[in-house]
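The entries below are in the order I looked things up.

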Amino acid sequence: MLDKKHEEELLALRRHFHMYPELALKEFETSAYIRAYMEGLGYELRAVEPTGLIAEIPALKDKEKTIVLRAEMDALPIQEKTGLSYASRNDGCMHACGHDAILAVVLMVAKLAAEAGEKFPVCLRILFEPAEEIGEGAGRMLNSGALENADGFVMFHFAGDQEIGLAVHEGQASSMIGSVEIHVYGKSSHWCEAEKGVDAIYGASCVVDAIHKVNRDYRGKGKHLVGIGAVHGGEYANIIADHVVLKGNIRATREEDFYALKEILTERFREIEGQTGTKIEMIFPKEPVLAFANDSGFTKTAQKVGTAIFGDRFLLEGEEELFLSGDNAYRYFEKTRGIFLVFLAAMTGENHPFHHPQFQIDEEILPLSVETLYDVIRQL
């Protein structure tokens, strides 16, 4: 399916996007590059403000089925430390989640579909989604008609925890995630009159300790975790801090565990208030990202194609293999049948996780990903 010229172009596309990452809602150069490429293939494009695109081949619009394929565009505010010759040239910004490879693969699938022309069996609609990393992209795309008359939705990611292969979950394919802010309020005073103050930093340390104990002791129905990724508080070394903010998330494969963790934390924080004299407020700034599940029929198609391409490196996984990861793509799955493919692409001897400044993928997965997606879409 892919000849040498296709493979060389695929690699060049991936490295181009990797060199020029852009943050959420600022993907202007990325969007312009994609528009030019897709129009050159004969696609008709609709803009989704500020940077999103929806693409279709006009000649395929009358096909019996419409299958929607998503590609995320945004990068992360991370300073790259891979040392690659094609490392990010945009300071403080990196494709540390594989969106560069996703874009390249989707553009090549788009090219193959365009080359097939009328022989391609479905209407292929491609979503170039902005702001996936901040959870805003799917809503913008849906409000612009992304799934209008759609018969199926296809998404995929790359994972760096196992070497070359393909994993598909049977049934549930993601976890429930809710962002959380914990505000710890104390009372400011000079440290020479400590008895007049209430130390918010001490209160915050008790909050962190309580969270670690909950993670250790809570026994739920599935995997779960409460994580704190940022702590901000205090101004001067000689002043008792009166406000500390902790930012993190609650993650669970089961919805009941998610809400149970919220209740347990609320109880623990009330106890800490009594012990420290602080006031603790837990805020959920956004609605949680919900879990989604793969369609059973689509899963069978993915298994057939994946086994043909990857052999015993195709993995059909159950709930026990679920990651504590989520995606605003659940919004698509609420409206149509869908499938989520995970291409395994760990570097030999490397094991840097998502969002790490040295995150890499094995580029040998790229042509295999194109072939898999092309065949899956044609057979859905």
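These notes cover a predicted model and its salt bridges.

Entry 1. I searched the whole structure and got 22 salt bridges. I then picked out some pairs to look at one by one.

Entry 2. I looked up Glu363 and Arg15. Their side chains form a salt bridge, with 2.7 Å from N to O. Glu363 is in the loop between β12 (338–344) and α9 (365–379), while Arg15 belongs to helix α1 (residues 4–19), so this pair ties together parts that lie 348 residues apart in sequence. I checked burial next. Glu363 has 15% relative accessibility and counts as buried, because the cut-off for buried is under 20%. Arg15, at 29%, counts as partly exposed.

Entry 3. I looked up Arg337 and Asp295. A salt bridge joins their side chains at 3.0 Å, N to O. This pair also links distant parts of the chain: Arg337 is in the loop between α8 (330–333) and β12, and Asp295 is in the loop between β10 (279–283) and α7 (296–310), 42 residues apart. Arg337 is partly exposed, with a relative accessible area of 44%. Asp295 is buried, at 18%.

Entry 4. I looked up Glu72 and Arg70. Their side chains meet in a salt bridge of 2.9 Å, N to O. Are these two residues buried or exposed? Both Glu72 and Arg70 are buried.

Note on methods: Residues numbered from 1 in each chain as written. Predicted model: local features only at pLDDT ≥ 70, side-chain atom pairs only at ≥ 80, totals over all residues. Heavy atoms only, no water. Salt bridge = Lys/Arg side-chain N within 4 Å of Asp/Glu carboxyl O. Helix = DSSP H or I, 4+ residues; strand = E, 2+ residues; numbered from the N terminus. Buried < 20%, exposed > 50% of the residue type's maximum accessible area, 1.4 Å probe, protein only.
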